[in-house]
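Please look over the sequence and the structure shown here, and then read the notes that follow, which are grouped by topic.

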Amino acid sequence: NPAFIRTLVTAVTESSIEGRGTDSKLNNTVLKNRTEVLRRYVDNIADRELQLLYAVQTLVTQRQHPKGLIQGIFETLYDSNVVSEEGFESWVSADDPLEREGKAVALKTITSFLTWLKDADHESDQEADDFWDISGELQNNEVKLI
């Protein structure tokens, strides 16, 4: 249920923010300690990840985009395995007219995070390719040795 995910995410995230409006600051330790409940309900399901990100977008927009808030939240959600690379990619590319409020500002403020995420994803793909290349070479060498 999208409404449940959004309500849960909003409650967990708001409880991790100190201050009001543009003076809002993320208490990263508190959010990290509460990510397990989000992970349990989001459960690597694409639509739930998207609803979670929309909820964060709405919350940050209501607080008038405090500096660093959305990036801090997104980094914690990614590092805690609550949202996957694909989840962020889906959110970036989604064009739901009902979800446009605040999205352009949010995207602009997390440019460095998105760039890092894309580079990290590319590096992990390269590492996986390297692993399979090495594994293939080992298997070929083992066959030759026998």
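Leaving aside residues up to four places away in sequence, Q71 touches T109, I110, S112 and F113, where contact means heavy atoms within 4.5 Å. This is a predicted model, in which local features need pLDDT of at least 70 and side-chain atom pairs count only at pLDDT 80 or more, while totals for chains, interfaces and linings use all residues. Residues are numbered from 1 along each chain as its sequence is written, and side-chain values use heavy atoms, with hydrogens and water left out.

**Residue Q71**
- Q71 has its place in helix α4, helices being DSSP runs of H or I with at least four residues, and strands runs of E with at least two, numbered from the N terminus.
- With a relative accessible area of 18%, Q71 is buried, a word that means under 20% relative accessible area, as against over 50% for exposed and in between for partly exposed (1.4 Å probe, protein chains only).

**Helix α3**
- Of the 17 residues of α3, 12 are buried, so this helix is largely enclosed by the rest of the structure.
- The elements that cover these buried residues include α1, β1, α2, α4, α5 and α6.
- After α3 comes Q64, whose phi is positive, near 65 degrees.

**Helix α1**
- The buried residues of α1 are I5, L8, V9, V12 and T13.
- They cover an arc of only 120 degrees around the axis, which puts them on the same side of α1; the arc is that of the directions from the helix axis to the C-beta atoms.
- These buried residues of α1 pack against β1, α2, α3 and α4.
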